[in-house]
Amino acid sequence: MRILHLSIFDRSGGACIAAYRQHTALLGAGIDSRMLVKGKITNDAKVELYQAPMDFPHRVKRYIRRKTLKLQATSRESIFEYFDDRSEHQGIEKTLRNFDIINLQFSQGFLDHPSFFKNLPKQIPIVVTMHEMSCFTSGWAYTGSDPS
């Protein structure tokens with residue numbers, strides 16, 4: 001069985017550290033576990049740093065998407081931490097066809113959730129590990145607390 005964990009980092013921040021612990025526990029149990037991350041901290045060979053396509057059309061598309069998302073985010077009046085479910089990195093899901101299970105960890109800002117769920121092959125099961133509340137609160141990491 002091949003499991004892929006999608007996370008922003010492998011060893012930075014509580015949610016990402018928990019994701020890495022799950023990954024290493026699965027490896028210890030003899031399961032082929034991999035991680036795809038936006039920022040790699042460890043030297044673990046089973047953790048792959050995502051490399052966005054660097055050709056000119058892809059770079060322009062990411063730049064425009066990043067600017068659009070930033071403009072939309074600054075138009076929100078919010079004093080609390082908010083995570084958008086969109087990202088400049090659309091299309092990652094097209095490279096994930098060789099896995100039996102995909103485990104979404106803390107992937108906000110890395111994975112473009114609308115594109116991911118629309119385009120991932122339906123036969124690949126998805127597990128969402130919720131280390132915080134943004135998966136079911138429309139982006140709020142923690143509700144009911146003052147983030148300051």
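The paragraphs below go through a helix, a loop residue and some ring contacts. The model is predicted, with local features requiring pLDDT of at least 70 and side-chain atom pairs pLDDT 80 or more, while totals for chains, interfaces and linings use all residues. Numbering starts from 1 along each chain as its sequence is written, and side-chain values use heavy atoms, without hydrogens and water.

Helix H1 covers residues 14–28; helices are DSSP runs of H or I with at least four residues, strands runs of E with at least two, both numbered from the N terminus. Its 15 residues reach 21 Å from first to last C-alpha, close to the expected 21 Å, which is 1.5 Å times one less than the number of residues. Ala15, Cys16, Ala19, Tyr20 and His23 of H1 are buried (under 20% relative accessible area; exposed is over 50%, partly exposed in between; 1.4 Å probe, protein chains only). They lie on the same side of H1 because they cover an arc of only 140° around the axis, taken from the directions from the helix axis to the C-beta atoms. The buried residues of H1 pack against strands S1 (2–9), S2 (32–39) and S3, contact being heavy atoms within 4.5 Å. Gly14, Arg21 and Gly28 are exposed on the other side.

Gln51 sits in the loop between S3 (47–49) and helix H2 (56–74). Gln51 is exposed, at 59% relative accessible area.

The charged end of Arg2 is over the ring of Phe99, 4.6 Å from its centre; the rule requires NZ of Lys or CZ of Arg within 6 Å of the ring centre and within 35 degrees of the ring normal.
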